[in-house]
Amino acid sequence: MKLRGQSSPYRWLLLLVITAMLLVPLSGVAAGAPNPPGGSTTVSLPDGANIVTITLDGAQKNAYPGLDAQLSQLAAAYQKGDQATLATFGGERHVDLAQGSARVILEMAVDPQAHAAGGPTYERVALPNGRMATIEHAPRIAIRAELAAAIAATGATYETAYESWVQVLAPFGSLEALARIDGVRYVRLPFPARQMEVSTFSEQLQEAPLVGAQTTEGVNLTNIGSWHTAGYDGSGIKLAVFDFGFTGWNTRQSAGDLPAGANLVLKDYSGAYNFGPPGTAGEEHGTACAEIAYDMAPATTVYLYAFDTDVEFGQAAGDYTNSVTGKRVATMSIGWVNAGPYDGTGPINAIVDSAQAAGILWANAAGNQQRSH
């Protein structure tokens with residue numbers, strides 16, 4: 001391979017640097033010299049690299065086999081009473097410092113035999129002005145009795161499961177024991193996920209509202225009104241919106257920004273979310289996304305699927321795939337980080353691929369972190 005503008009010595013230097021990076025860790029392993037207890041190994045990268053230095057704490061990394069790096073650090077800090085380190089987990093979505101617990105996923109090497117134990121449950125809630133709404137809650141998912149008993153014996157609480165993933169609410173003191181349960185391959189936090197932000201509505205781009213009190217600028221930018229006039233307004237289509245939460249959905253429904261009555265279906269697959277009304281404070285992202293989709297297709301039946309983890313997402317997508325019939329579209333403005341090799345494969349992609357294979361048109365936000373990831 002010839003590199004334009006670079007002389008031969010630079011090419012050889014680049015090859016030597018790469019070779020050194022590959023050989024140094026291997027020589028350390030061959031020598032069999034473990035890190036001293038509590039010691040650190042520092043690896044310096046070449047000048048110009050985005051990360052200059054990486055420091056690995058050997059004691060923390062190896063003390064808790066079967067736990068991911070974050071949970072290993074969390075367990076070590078808890079056992080030592082290291083409040084400063086515990087405080088660094090305060091911003092983690094699935095760690096509750098006040099309760100001393102974390103929502104974790106057991107990746108099973110042995111089939112947990114996850115299966116629905118009965119059907120969904122339904123909750124009737126009162127809305128303002130005498131209206132009523134029905135919230136459908138996910139069915140309870142059962143697992144092998146001995147696995148459920150082993151989880152309970154650690155002090156953790158089994159919540160739900162999807163295929164080989166088992167979701168558990170774990171006190172910090174139970175993390176090490178969870179990793180030692182027979183058949184557990186790995187214990188990790190749920191894959192990091194974030195909501196893709198919705199830009200602010202632009203008043204200059206809005207004409208008279210198409211549906212409700214607000215109309216997305218996308219209506220005018222795409223000239224979708226011409227399609228609506230021609231009869232392409234979403235009639236006969238099922239539209240699912242997958243998101244972390246839908247705070248204020250009832251208010252937006254009252255304003256006409258979400259469909260009324262049976263044309264709005266509420267599906268709760270989250271173990272941590274209160275669908276409401278009004279819903280978990282601050283989780284308005286899903287409501288805004290649903291409003292946009294409804295403006296673009298005002299005659300659809302809209303399904304709001306609330307979830308919080310990758311396990312719950314798998315269940316929610318599976319419900320839409322297997323329980324809802326007809327012409328189906330799905331939209332999701334959620335993105336996962338480090339849940340696959342970024343080549344279109346991985347467990348989250350597999351969930352979406354299954355929905356697509358069942359005939360669902362899936363639209364997903366992407367590229368929001370293109371300049372910052």
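This is a predicted model: local features need pLDDT of at least 70, side-chain atom pairs count only at pLDDT 80 or more; totals for chains, interfaces and linings use all residues.
"Buried" here means under 20% relative accessible area, with exposed over 50% and partly exposed in between (1.4 Å probe, protein chains only). Residues are numbered from 1 along each chain as its sequence is written, and side-chain values use heavy atoms, leaving out hydrogens and water.

**Helix α11**
- Helices (H or I, at least four residues) and strands (E, at least two) are DSSP runs, numbered from the N terminus.
- α11 is mostly covered, with 11 of its 14 residues buried.
- α11 packs on the sheet and touches β7 (132–137), β13, β14, β15, β16 and β18; contact means heavy atoms within 4.5 Å.

**The sheet**
- Seven strands make an open, mixed sheet, ordered β6-β7-β14-β15-β13-β16-β18; strands pair if DSSP finds at least two bridges between them.
- At the edges sit β6 (121–126) and β18 (361–364), each pairing on one side only.
- β14 (residues 264–268) and β15 (residues 301–306) run parallel over 5 bridges, and V265 stands opposite Y303 in β15.

**The largest core**
- A nonpolar core is a set of buried Ala, Val, Leu, Ile, Met, Phe, Trp, Tyr and Cys residues joined through side-chain atoms within 4.5 Å.
- The largest one has 31 residues, and V104, L106, I151 and L178 touch the most other members.
- α3 gives the most to this core, with 5 residues.

Notes:
Axes are lines fitted to C-alpha atoms, for helices over the stretch in contact, and angles run from 0 to 180 degrees between N-to-C directions.
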